[in-house]
Amino acid sequence: MQDIRWKAFWLLISWAFCCLILGWVTSAETAWLAYVVGVIAYLAGHLYWMQRLYLWSLKPGLNFMPNGKGIWEDIFANLYQEMRRHSRSQSQLSSTLERLRHATSALPDGVVVLNHRNEIEWFNEPAVQRLGLKRQHDENQPIYYLLRQAEFVQYLQSEDYSEPLKLKSWRSPDVTLELQIIPFASKQRLLICRDISAIEKTEIMRRDFIANVSHELRTPLTVVGGFLETISDMQGEVSPDIQPYFDMMQSQTTRMRRIIEDLLTLSSLENNVVLKDETDIAMEPLLNQLLKDARALSLGDHTVTLHMDAKVNIRGSYNELLSAMSNLTSNAVRYTPANGNIDIFWQMQDEQVIFSVQDTGIGIEPQHLPRLTERFYRVDSGRSRDTGGTGLGLSIVKHILHHHQAILKVESEPGKGSRFSIVFPAQRVLVA
Ligand code: ADP
């Protein structure tokens, strides 16, 4: 790279030197005149190319680029190279963009690009079909003008897009849509819309099937259980040799009945996504009831204590919460060997209120923790069965907590004990 200031300096110095020689040969006036004319010609040349550059910049184009002379030749050559590079990358970019648009249009899911004001910038063909967007007409419109459902507007404003939103289509009631917002770049958002009607139908079929089978099995099991009870009550009439078989049949029937009851509870929890019997729950009597039940189940084998530190109540379903909390206390009793301690806590943490059950029981290995709330997942199935477990308790707890926007936290150390906590969000807390 050359310094054009030096170039201009040396040019003017050389011209001054030439004029000095001219002045020596002729006269000083001639030399001055020649020098001034030279400098004016030099400036005029620059002005001329500057004007050409200015005219070109008004309508730039590779074909209209002037050639230039002297230093201007280099300037125009550099500009030409830069323009060519720019136009090459521009065309590469637009062909990539075009390919991307083709690819996005070929996606089965609807894709809508939103700007930072939630206005529609672009959408693909499936978005037209699924969301009923219209080309030209809906571009640049805020998305909440077109998708007006309260759930969607709430989801959009929540800024928490970790979970997708399930929505019945407003265009056809048979269609269920799953909407997911993905933030990208600076404050832009992608709205992905998926038709999950088929998955939803299969899920409903699965739920109905389990509910129907459980329901159908309940009656015959009740009959069999009743007969077995009657037979085992007939003391002396049953041969002592077969009595143990009757006892075994009876305990297995009771276990099956328990599983069926839990399956029916799970089905009804899954079918009712919103809480129906929501009330203000007085926590003190509920916690005392839990304490009494836990002591009764323990039969004096454990020290069960209630620590009611928070003086707050919560809003929710009494029956559901009693069932979730007593699941945790009964697990603590069942998985803690005799002479262990079980502590029930009701505490505030910031704005949230936490119900926790801590035991000094067998504990759980860390690899099992993420799977505990799966249906029929047991760390030790033998122990679960022996203590009357169905493997569905924590799954029921999970569904109940989902209804209450609460979360389950499990901390455990094998051989030392476990702490199961239910964290209720601030909006559920009522000052007692
Ligand atoms: P179950 O009816 O088998 O107890 P749950 O769904 O209530 O089913 O619990 C799932 C599994 O989690 C249990 O089988 C047990 O292995 C483990 N578990 C639950 N609570 C405790 C606890 N307090 N201490 C140790 N293990 C526990």
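Is Tyr144 buried, partly exposed or exposed, and at what relative accessibility? Tyr144 counts as partly exposed, at 34% relative accessibility. The classes are buried (under 20% relative accessible area), exposed (over 50%) and partly exposed (in between), with a 1.4 Å probe and protein chains only.

The model is predicted: local features need pLDDT of at least 70, side-chain atom pairs count only at pLDDT 80 or more, and totals for chains, interfaces and linings use all residues. Residues are numbered from 1 along each chain as its sequence is written, and side-chain values use heavy atoms, without hydrogens and water.

A search of the whole structure returned 10 aromatic pairs. Rings of Phe, Tyr and Trp (its six-membered ring) pair if their centres lie within 6.5 Å; planes under 30 degrees apart are stacked, over 60 edge-to-face, and the rest tilted. Trp49 and Phe76 form an edge-to-face pair, at 6.1 Å centre to centre and 65 degrees between the planes. Trp49 belongs to helix H2 (residues 28–58) and Phe76 to helix H3 (residues 71–106), so the pair ties together parts 27 residues apart in sequence. Helices are DSSP runs (H or I, at least four residues), numbered from the N terminus. Trp49 is buried at 14% relative accessibility. Phe76 is buried too, at 1%.

Tyr144 and Tyr145 have ring centres 5.6 Å apart and planes at 80 degrees, so this pair is edge-to-face. Tyr145 is partly exposed, at 45% relative accessibility.

Ring pairs also join Tyr48, Trp49, Trp72 and Phe76 into a cluster. Lys59 lies over the face of Phe64, 5.6 Å from the ring centre. The criterion is NZ of Lys or CZ of Arg within 6 Å of the ring centre and within 35 degrees of the ring normal.

Terms used:
Helices (H or I, at least four residues) and strands (E, at least two) are DSSP runs, numbered from the N terminus.
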